[in-house]
Amino acid sequence: LGADDGPRACGVSVATIHFGALPADSVDALVASGDVFKCAGGLMCEHELVWPHVARLEGDLDSVMGMPVRLLAELIDELDHA
(Lines give C-alpha, C1' and ligand atoms only; values in the text may rest on other atoms or scores of the structure.)
Protein backbone atom coordinates (compact mmCIF):
# COMPACT_ATOMS: atom_id res chain seq x y z
CA LEU A 1 0.00 0.00 0.00
CA GLY A 2 1.13 3.51 -0.73
CA ALA A 3 0.69 6.57 1.45
CA ASP A 4 -2.34 7.68 -0.60
CA ASP A 5 -4.22 4.37 -0.61
CA GLY A 6 -6.92 5.45 1.84
CA PRO A 7 -7.53 5.82 5.54
CA ARG A 8 -5.23 4.22 8.06
CA ALA A 9 -5.43 3.55 11.76
CA CYS A 10 -2.82 2.57 14.25
CA GLY A 11 -2.64 1.90 17.95
CA VAL A 12 -0.64 0.33 20.70
CA SER A 13 -1.71 -2.23 23.24
CA VAL A 14 0.44 -2.60 26.34
CA ALA A 15 0.24 -5.50 28.75
CA THR A 16 2.31 -6.00 31.88
CA ILE A 17 2.56 -9.33 33.65
CA HIS A 18 3.52 -9.48 37.31
CA PHE A 19 4.74 -12.89 38.37
CA GLY A 20 4.95 -14.44 41.80
CA ALA A 21 7.62 -17.01 42.55
CA LEU A 22 7.88 -19.71 39.90
CA PRO A 23 9.04 -22.91 41.62
CA ALA A 24 11.96 -24.80 40.13
CA ASP A 25 9.83 -27.92 39.59
CA SER A 26 7.43 -25.87 37.43
CA VAL A 27 10.34 -24.52 35.40
CA ASP A 28 11.75 -28.03 34.97
CA ALA A 29 8.34 -29.34 33.87
CA LEU A 30 7.94 -26.50 31.36
CA VAL A 31 11.34 -27.16 29.84
CA ALA A 32 10.72 -30.92 29.77
CA SER A 33 7.38 -30.41 27.98
CA GLY A 34 9.09 -28.49 25.19
CA ASP A 35 6.20 -26.01 25.07
CA VAL A 36 8.43 -23.02 25.84
CA PHE A 37 10.40 -23.70 22.65
CA LYS A 38 7.30 -23.17 20.50
CA CYS A 39 6.61 -19.52 21.27
CA ALA A 40 8.43 -16.21 20.92
CA GLY A 41 10.59 -15.50 23.93
CA GLY A 42 9.49 -18.70 25.67
CA LEU A 43 6.79 -16.75 27.50
CA MET A 44 3.56 -18.67 27.85
CA CYS A 45 1.80 -16.98 30.73
CA GLU A 46 -1.43 -18.82 29.89
CA HIS A 47 0.28 -22.24 30.27
CA GLU A 48 -1.20 -24.38 33.04
CA LEU A 49 2.18 -24.52 34.81
CA VAL A 50 2.69 -20.74 34.64
CA TRP A 51 -0.76 -19.16 35.02
CA PRO A 52 -1.09 -20.06 38.74
CA HIS A 53 2.03 -17.95 39.37
CA VAL A 54 0.76 -14.83 37.59
CA ALA A 55 0.11 -12.37 40.39
CA ARG A 56 -1.46 -9.68 38.21
CA LEU A 57 -2.05 -8.92 34.55
CA GLU A 58 -2.42 -5.30 33.51
CA GLY A 59 -3.90 -5.08 30.04
CA ASP A 60 -5.32 -7.76 27.80
CA LEU A 61 -4.07 -11.34 27.64
CA ASP A 62 -4.67 -11.17 23.88
CA SER A 63 -1.96 -8.51 23.69
CA VAL A 64 0.52 -10.81 25.40
CA MET A 65 -0.37 -13.63 23.04
CA GLY A 66 0.12 -11.47 19.96
CA MET A 67 -3.29 -10.27 18.72
CA PRO A 68 -4.82 -7.46 20.75
CA VAL A 69 -8.42 -8.21 19.77
CA ARG A 70 -9.98 -5.24 21.59
CA LEU A 71 -7.56 -2.79 19.94
CA LEU A 72 -8.09 -4.42 16.55
CA ALA A 73 -11.86 -4.00 16.90
CA GLU A 74 -11.41 -0.33 17.86
CA LEU A 75 -9.16 0.28 14.84
CA ILE A 76 -11.56 -1.45 12.46
CA ASP A 77 -14.40 0.65 13.86
CA GLU A 78 -12.28 3.78 13.42
CA LEU A 79 -11.65 2.87 9.77
CA ASP A 80 -15.33 2.08 9.19
CA HIS A 81 -16.16 5.63 10.26
CA ALA A 82 -13.27 7.35 8.46
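**Reading the salt bridges and the surface**

A: Happy to! Let's start with one side chain in this predicted model: Glu-58 counts as partly exposed, at 35% relative accessibility.

Q: Which residue forms a salt bridge with Glu-58?

A: Side chains of opposite charge can pair when their charged atoms come close. Here the partner is Arg-56, and the closest N and O atoms are 2.8 Å apart. Arg-56 is partly exposed, with a relative accessible area of 46%.

Q: How many salt bridges does a search of the whole structure find?

A: The search finds three. Another of them joins Asp-60 to Arg-70, with 3.0 Å between the closest N and O atoms. Asp-60 sits in the loop between β2 and α2 (61-65) and Arg-70 in helix α3 (residues 69-80), so this pair ties together parts 10 residues apart in sequence.

Q: What links Asp-60, Arg-70 and Glu-74?

A: A network of salt bridges. Glu-74 also pairs with Arg-70, at 3.3 Å between the closest N and O atoms. Both lie in helix α3, four residues apart, which is about one turn of the helix. Arg-70 counts as exposed at 52% relative accessibility, while Glu-74 is partly exposed at 41%.

Q: Is His-47 buried or exposed?

A: Under 20% relative accessible area means buried. His-47 has 10%, so it is buried. His-47 lies in the loop between α1 and β2 (54-58), and its contacts beyond four places in sequence are Leu-30, Ser-33, Asp-35 and Pro-52.

Q: Which residues form a nonpolar patch on the surface?

A: Leu-22, Val-27, Val-31 and Phe-37, with about 360 Å² of accessible area together.

Definitions and conventions. Residues are numbered from 1 along each chain as its sequence is written. This is a predicted model: local features need pLDDT of at least 70, side-chain atom pairs count only at pLDDT 80 or more; totals for chains, interfaces and linings use all residues. Side-chain values use heavy atoms; hydrogens and water are left out. Patches are made of residues with over 30% relative accessible area and no salt bridge: like charges are joined within 9 Å, nonpolar side chains (Val, Leu, Ile, Met, Phe, Trp, Tyr) within 5 Å. Accessible areas come from the Shrake-Rupley method with a 1.4 Å probe; for residues, only the protein chains shown count as cover. A salt bridge is a side-chain nitrogen of Lys or Arg within 4 Å of a carboxyl oxygen of Asp or Glu. Helices (H or I, at least four residues) and strands (E, at least two) are DSSP runs, numbered from the N terminus. Buried means under 20% relative accessible area, exposed over 50%, partly exposed in between (1.4 Å probe, protein chains only). Contact means heavy atoms within 4.5 Å.
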